[in-house]
Amino acid sequence: MAIGERIKRIRNFRKLTQAQLGEAVGLSDVRIRQYETGNRTPKEDMIQELAKALNCNYRSIYEPSLYAAEDVMYALFKLDEHYNMPLYEVANPKNPTEKHIAVGFDYSLLDDFLNTWKRKKEDLASGKITKEEYFEWKINWPQTCDDCGKREPSKQWRNLYK
């Protein structure tokens, strides 16, 4: 997903118009539209301002595009250089005869982060949290992280949509 698509996705989630977002960051709705359509790309300082106005972590807006299989592989290669990632063959829980390759990380903090994410996905699947709450949790992570229930998150993300 391109940067403009991410801006638009979060702006729509926040139920803001392009004019409202532009006003919040000191730009016109035309410039916001140019960002969202990909005709212009905001600079780093503007990304920070947009994230502040959209009440999200700037990494939710600015991140590398990892949607092509080749891009994902290069990202994994780079991560493997740092984390020495083991690869595992695992069964698909929904279809145990189907096998997939999974990666591991030799980094306990990252394992904790992934475990927290897994729990949030399980909470979403079970109906304990809504799609909106899950999205709110993701776009404000790590401020929404609670260390698997061990502490209160520094940013509230639950029950904002009831």
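## Close-up views of a predicted model

Glu-136 counts as buried because its relative accessibility is 2%, where buried means under 20% relative accessible area, exposed over 50% and partly exposed in between, with a 1.4 Å probe and protein chains only. This is a predicted model in which local features need pLDDT of at least 70 and side-chain atom pairs count only at pLDDT 80 or more, whereas totals for chains, interfaces and linings use all residues. Residues are numbered from 1 along each chain as its sequence is written, and side-chain values use heavy atoms, with hydrogens and water left out.

**View A. The salt bridge between Arg-14 and Glu-136.** The closest N and O atoms of Arg-14 and Glu-136 are 2.7 Å apart, a salt bridge being a side-chain nitrogen of Lys or Arg within 4 Å of a carboxyl oxygen of Asp or Glu. Because Arg-14 lies in the loop between H1 and H2 while Glu-136 belongs to helix H7, the pair ties together parts that are 122 residues apart in sequence; helices (H or I, at least four residues) and strands (E, at least two) are DSSP runs numbered from the N terminus. A search of the whole structure finds seven salt bridges.

**View B. Two further salt bridges, Arg-158 with Glu-133 and Glu-81 with Lys-78.** In the pair of Arg-158 and Glu-133 the closest N and O atoms are 3.7 Å apart, and the pair links distant parts of the chain, with Arg-158 in the segment after H7 and Glu-133 in helix H7, 25 residues apart. Glu-133 is buried, with a relative accessible area of 1%, whereas Arg-158 is partly exposed at 29%. For Glu-81 and Lys-78 the closest N and O atoms are 3.7 Å apart, and the two residues, three apart in helix H5, are separated by about one helical turn. Glu-81 is exposed, with a relative accessible area of 63%, and Lys-78 counts as exposed at 57%.

**View C. The largest nonpolar core, with 18 residues.** Such a core is a set of buried Ala, Val, Leu, Ile, Met, Phe, Trp, Tyr and Cys residues joined through side-chain atoms within 4.5 Å. The residues with the most contacts inside the core are Ile-7, Ile-10, Leu-50, Leu-54, Cys-56 and Ile-61. Two or more residues each come from helix H1 (3-13), H2, helix H3 (29-37), helix H4 (44-54) and helix H7 (131-139), and the largest share, five residues, comes from H4. Leaving aside neighbours within four places in sequence, Leu-54 is in contact (heavy atoms within 4.5 Å) with Ile-7, Ile-10, Arg-11, Arg-14, Leu-16, Leu-21 and Ile-61.

**View D. Aromatic pairs, of which the count comes to five.** Rings of Phe, Tyr and Trp (its six-membered ring) pair if their centres lie within 6.5 Å, and planes under 30 degrees apart count as stacked, over 60 as edge-to-face and the rest as tilted. The ring centres of Tyr-83 and Phe-105 are 5.6 Å apart and their planes stand at 85°, so the pair is edge-to-face. Tyr-83 and Phe-105 are buried, and ring pairs link Tyr-83, Phe-105 and Tyr-107 into a cluster. Phe-113 and Trp-141 have their ring centres 4.9 Å apart and their planes at 85°, so this pair is edge-to-face.
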